[in-house]
Amino acid sequence: MQEPVLKIQTLGAPPEGFECDAFPGDEGFPPDEILNLWEDYQDAADSITRPVTWEEAEILIKCCPTDHMAGIEWTILHSIESVFKPEAAEDFRALIETCNSDMMKTMLLERLQNYISSRK
């Protein structure tokens, strides 16, 4: 099991609101504790080696960002997708259905459907 995946499991889903228009010192700018969590999550996500194992994908799918996160959502999405095998598309669909994030679930299902449609 990769350490970065275990780190994400420990952190859980990142807090929402990463993309905001506020600047340091502005009202609404996230506090240091939240910024540190985002940084830890980003560092872990960026350190994942792909392809991940099925077990690692099961962890990641339950710790997905629930809001846009300056592109980190795509790093997690690509890590999860790295377990996909065409012959196991329905197993992959079942994995996607366990996703904690409606945003990520929708993106993953759309991409899976696009793949299946392109093969017909």
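Trainee: What does I80 touch, leaving out residues up to four places away in sequence?

Mentor: I80 touches L60, I61, C64, F92, L95 and L108, where contact means heavy atoms within 4.5 Å. This is a predicted model, in which local features need pLDDT of at least 70, side-chain atom pairs count only at pLDDT 80 or more, and totals for chains, interfaces and linings use all residues. Residues are numbered from 1 along each chain as its sequence is written, and side-chain values use heavy atoms, without hydrogens and water.

Trainee: Why is helix 4 called mostly covered?

Mentor: Buried means under 20% relative accessible area, with exposed over 50% and partly exposed in between (1.4 Å probe, protein chains only). Eight of the 10 residues of helix 4 are buried, among them I76 and I80. Their cover includes helix 1, helix 2, helix 3, helix 5 and helix 6. Helices here are DSSP runs (H or I, at least four residues), numbered from the N terminus.

Trainee: What makes helix 1 roughly antiparallel to helix 2?

Mentor: The axes of helix 1 (residues 3-11) and helix 2 (residues 32-46) come within 8 Å and cross at roughly 150°. Axes are lines fitted to C-alpha atoms over the stretch in contact, and angles run from 0 to 180 degrees between N-to-C directions. Angles over 145 degrees count as roughly antiparallel, so helix 1 is roughly antiparallel to helix 2. Residues making this contact include I8 of helix 1 and Y41 of helix 2.

Trainee: Which residues touch the most other members of the largest nonpolar core?

Mentor: They are I8, L60, I76, I80 and M104, in a core of 29 residues. Helix 6 gives the most to this core, with five residues.

Methods: Helix = DSSP H or I, 4+ residues; strand = E, 2+ residues; numbered from the N terminus. Parallel < 35°, antiparallel > 145°, perpendicular 65-115°, else oblique. Core = buried A, V, L, I, M, F, W, Y, C linked by side-chain atoms within 4.5 Å.
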